[in-house]
Amino acid sequence: MRSRTLTSLLTTIFLVLLVAATLATRVTRASGPLYVSTDGFCGENIPCYTNVQVALNAALPFDEILVATGTYTDTAGTVAEITETITLQGGWNADFTACDPEAYPTTLDAQGQGRVVYIYGDISPTIDGFIITGGNADAEAHYRRQGGGIYSTGADPVIQNNVITDNIASTSTSASDFGFGGGLYLYDASASALVSGNQILSNTASTGYTGYGGGLYLHHSDATVSGNTISGNTAGIAPNSEGGGVMLNYSNATLDGNRIITNTAPGGGGLNVVTSAPFTLTNNVIAQNRADGVAGGIRVWGSVGLPTSGALINNTIAQNNLGSGDEGVYATGTTTLTLTNNIVVSHTYGILAASDTTVMADYTLFYGNTNDTAGGGSINSTHEVSGDPLFADPEYHIQVNSPAINKGTFSGAPATDFEGDPRPHDCFVDIGADENTASDQCKRVYLPLILKNY
Ligand SMILES: [Ca+2]
Ligand SMILES: [Ca+2]
């Protein structure tokens, strides 16, 4: 009886202390955003931190952390280790009255001492408006040599409006070390993960030997990748390196409206897809990528037990002929591809279907390829269109008199083009990533309607 009373008393004391501790925690954290500035001055706003990680550590789930212009580093190398569903937003001015990432550049710089951002757990954080640079994952304790700029595992992050540049996954010169995802690496992300509106520039998966996915590597991640510029990235220097711009591995991802240009890899200069069924490419410009092995543009591979299949709809695939691997689309292994409304221009092989592959191409505009289609696989190209697509600018818009205009099929065509213009314009769907909104070929004849009473 006495011990029961004591237990009850101790339980009561414990509960009181717990409630007090909880209240104390709530009182010490102001409601509303947390603020970070390099000099610890945030105008009228509190709490105000000078270190991004200290603010992250203080944040509760669903908090916003707003970061003022300036450069943020950390003695740990990694500037932001994210374990909660928070929003981390850069691009704010000094007194937090305006947010404009271009006017108020906000840089997270790992200074070559680690990866820049590390995200883990069953969370959905948002990272918005930063310059993410100086990452090097070569000496990381967790997921070494993967994700120089950003590594995410188990999470469904939203990564948007950032400039992710000059990051490295691996510097090792050993043939047994591999670098994956120079700019970003997403592992085990669901379809709600989003990589959108970023500039992913000049990242390298391996500066020393084999690398995969210079800009972005998706592994077991069915993410949406949309509206990014993925440019000047490099997979690796060893000849088995693949995916200069993007690599998909076991990832039923959707890539829409990206500019994947001037990336380099021995295999798959722009994009390398393996063991992913199905993946989807819509409204992308895949141009001027370089491969010195195979597939300057897109390489797709599947195995017998793990075949790959994909749909390519309304993409512009052009001039991926800078190296000796000068195919626009290269299907190999156990792969099935369906192409609809694509422009395929200036390659030695526009579409190469190696043995065991099945490629169906409908409404393709071919121009300037030595061979539009080739290979020992099954390739069936129907409703071909030819003629100079008349690109208007480096964005690969088409001019108003382009033969691509109004020559595509409605079937499967996205409702908007690579810049959000409605598709179709002018009655019919254009081929390629751009729908030209100035064309006016669609004339209808309206006869006068006369009603008479007899
Ligand atoms: Ca049209
Ligand atoms: Ca357009």
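I looked up phenylalanine 428 and found it partly exposed, with a relative accessible area of 41%; buried means under 20%, exposed over 50% and partly exposed in between (1.4 Å probe, protein chains only). I noted that this is a predicted model, in which local features need pLDDT of at least 70, side-chain atom pairs count only at pLDDT 80 or more, and totals for chains, interfaces and linings use all residues. Residues are numbered from 1 along each chain as written, chains are lettered from A and ligands numbered from 1 in written order, and side-chain values use heavy atoms, without hydrogens and water.

I checked the calcium ion (ligand 1): Asn406 (OD1), His425 (O), Phe428 (O), Asp430 (OD) and Glu435 (OE) coordinate it at 2.3 to 2.4 Å. Donors are N, O and S atoms within 2.8 Å of the metal (3.2 Å for Na, K and Ca); water is not among the atoms, so sites may look incomplete. Along the chain, I read the donor spacing as N-x18-H-x2-F-x1-D-x4-E. Glutamate 435 is buried, at 1% relative accessible area.

I then traced an open sheet of 12 strands with parallel pairing, in the order 4-7-10-13-18-23-26-29-32-35-38-41. Strands are DSSP runs (E, at least two residues), numbered from the N terminus, and two of them pair if DSSP finds at least two bridges between them. Strand 4 (70-72) and strand 41 (385-386) are the edge strands, each pairing on one side only. Strand 7 (residues 106-109) and strand 10 (residues 131-133) run parallel and are joined by three bridges; threonine 107 has isoleucine 131 in strand 10 as its bridge partner.

Terms used:
Helix = DSSP H or I, 4+ residues; strand = E, 2+ residues; numbered from the N terminus.
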